[in-house]
Amino acid sequence: MSNPNGKGNAENGKENEMITSSEIIKSVGVVAAAVGFAAWGICKIMGSSVDENNKKLMKKPGADGYMNREDFEKNPKDYFRDLHGKK
């Protein structure tokens, strides 16, 4: 059978190969973008929190919520005394 485009089989093979290569390149790009987005998300989840004044936050020990890390590190004894009620 003859090719309706008038091209030989060798040229058709190269054209199909180019389409396949471009599809592979697109797929690799999509996968790379997905991996990058996932890495960014993990960094946001695992990274330290920062408040509006760019101070590091930490989860409150023994309580729900977050607090300023610097305040806790200065005097953790007072934090726990206040948490469990003053005696």
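**Briefing: an aromatic cluster in a predicted chain**

F72, Y79 and F80 form one aromatic cluster. This is a predicted model, in which local features need pLDDT of at least 70 and side-chain atom pairs count only at pLDDT 80 or more, while totals for chains, interfaces and linings use all residues. Residues are numbered from 1 along each chain as its sequence is written, and side-chain values use heavy atoms, with hydrogens and water left out.

**Overall architecture**

- The chain has 3 helices and 3 strands; these are DSSP runs, with helices (H or I) of at least four residues and strands (E) of at least two, numbered from the N terminus.
- Read from the N terminus, the order of elements is α-β-β-β-α-α.
- Of the contacts in the chain with a separation of 6 or more, 0% are between residues 24 or more positions apart; contact here means heavy atoms within 4.5 Å.

**Surface and burial**

- The chain exposes about 7,700 Å², and 58% of that area is supplied by carbon and sulfur atoms; the accessible areas come from the Shrake-Rupley method with a 1.4 Å probe, and for residues only the protein chains shown count as cover.
- Among the 87 residues of the chain, 9% are buried (buried means under 20% relative accessible area, exposed over 50%, and partly exposed in between, with a 1.4 Å probe and protein chains only).

**Aromatic pairs**

- The structure holds 4 aromatic pairs; rings of Phe, Tyr and Trp (its six-membered ring) pair if their centres lie within 6.5 Å, and planes under 30 degrees apart count as stacked, over 60 as edge-to-face and the rest as tilted.
- One of these pairs joins F72 and Y79, whose ring centres are 5.5 Å apart with planes at 80°, so the arrangement is edge-to-face.
- F72 also pairs with F80: the centres are 5.8 Å apart and the planes stand at 75°, so this pair is edge-to-face.
- Both F72 and Y79 are buried; F72 has a relative accessible area of 15%.
- F80 is partly exposed, because its relative accessible area is 34%.

**Strand residues**

- N68 belongs to strand β3, which covers residues 66-68, and counts as buried because its relative accessibility is 12%.
- A polar atom of the N68 side chain lies 3.2 Å from the backbone nitrogen of D71.
- K56 is part of strand β2, residues 56-59, and counts as exposed because its relative accessibility is 51%.
- K56 and M67 are 11 residues apart along the chain, and their C-alpha atoms are separated by 8.5 Å.

Methods:
Polar contact = N/O pair within 3.5 Å; in protein donor to acceptor, adjacent residues only side chain to side chain.
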